[in-house]
Amino acid sequence: MLDATVTLTGTGTPLPVPGRAGPGTLVRCGPLAAQVDAGRGTVLRLAELGLDCPEVGLLALTHHHSDHLVGVADLVLTRWVQGGFTPLPVLAPEGPAARFARHVLDIWADDIAVRRHHTGRPALPALDVRAFEAPAAPAVVWRSESVEVSAVAVRHEPVEPAVAYRFDTPSGAVVISGDTRVCDEVEELARGAQVLVHEACRGDAVRSRGKRFIADYHADTVELGAMAERAGVATLVLTHLEPAPRSPEEAAAFAAEVRRGGFGGRLIVGEDRATISVSREGHPAQEG
Ligand SMILES: [Zn+2]
Ligand SMILES: [Zn+2]
């Protein structure tokens, strides 16, 4: 069996916080390394994980908020500099995120031209954008020999479209929420998943700091705990932490609120580079 792992390449938000790169998650299964979103510092995190950018075989974008995209050009250009000359397949919902991917290299044209001339590189850096209409119900958007990727539209209004992804691997399913309120769509996508990587927002804490607009379109921790329990996920991993915990106590508050919501499975408050192996062992779906 091919072992699969999930690694958080960044657990941050638009606000820079020491030790937390911008949003991103790496799913690895056999020869496939798939990066979901590429926020600030993604390439450095991949290097810290021992992964060269040409090894990334798929990039999946969830939506067009800058915190999820500012590392895309860095990833694609560094991939090229490191010798990756085949176009990088990029999944994106049709609309602003796909448009961004189609044009992300435009402003780098002069740099690309001079590097190519100077080094004699055999090809230009390129993205192979495979846009899809954000589906209202989970639908398959990409397949490799061993991994099937599904997507569903999520609830991050007014940012539309925004999607979540599910990677079905031989050792189990991994779901990555992207940015969303707690919603039925992710619950359906995550049903029976071994690992759910979900954004998390301590709504009361955010509102008490006068940032109601943040809580309005992110996932409340208590509601998330209830949803993950209903979906029957084995391991819930919190990322995109809002407000970013700056102490063990603040991290523990995320966990306490998710537990208050009723989640009884394995719970991880995300840190950058945390790696979770995907396994069906011990999952309730295997016991019944
Ligand atoms: Zn975000
Ligand atoms: Zn967002």
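Modeller: A word first on terms: donors are N, O and S atoms within 2.8 Å of the metal. Keep in mind, too, that this is a predicted model.

Colleague: Thanks! How are the donor residues of the zinc ion (ligand 2) spaced in sequence?

Modeller: The zinc ion (ligand 2) is coordinated through His63 (NE2), His65 (ND1), His156 (NE2) and Asp179 (OD). Their distances to the metal are 2.1 to 2.3 Å. Read along the sequence, the spacing is H-x1-H-x90-H-x22-D.

Colleague: Is His63 buried or exposed?

Modeller: Buried means under 20% relative accessible area. The value for His63 is 0%, so His63 is buried.

Colleague: What is the arrangement of the four donor atoms around the zinc ion (ligand 2)?

Modeller: Four donors count as tetrahedral if all angles lie between 85 and 135 degrees. Here the angles are 94 to 151°. The arrangement is therefore irregular.

Colleague: Which residue coordinates both zinc ions?

Modeller: The zinc ion (ligand 2) and the zinc ion (ligand 1) are 3.5 Å apart. The residue that coordinates both is Asp179.

Colleague: Moving on to the sheet, which strands stand at the edges?

Modeller: Happy to! The open sheet has seven strands with mixed pairing, in the order β6-β5-β4-β3-β2-β1-β14. A strand with a single partner has one side left without a neighbour in the sheet, so the edges are β6 (127-132) and β14 (275-278).

Colleague: And which residue in β2 does Thr7 stand opposite?

Modeller: Strands β1 (residues 4-10) and β2 (residues 24-29) run antiparallel, joined by six bridges. Opposite Thr7 stands Leu26.

How values were computed:
Residues numbered from 1 in each chain as written. Chains lettered and ligands numbered in written order. Predicted model: local features only at pLDDT ≥ 70, side-chain atom pairs only at ≥ 80, totals over all residues. Heavy atoms only, no water. Pairing = 2+ DSSP bridges. Helix = DSSP H or I, 4+ residues; strand = E, 2+ residues; numbered from the N terminus. Donors = N, O, S within 2.8 Å, 3.2 Å for Na, K, Ca; no water. Tetrahedral: all angles 85-135°; square planar, octahedral: opposite > 155°, others 65-115°. Buried < 20%, exposed > 50% of the residue type's maximum accessible area, 1.4 Å probe, protein only.
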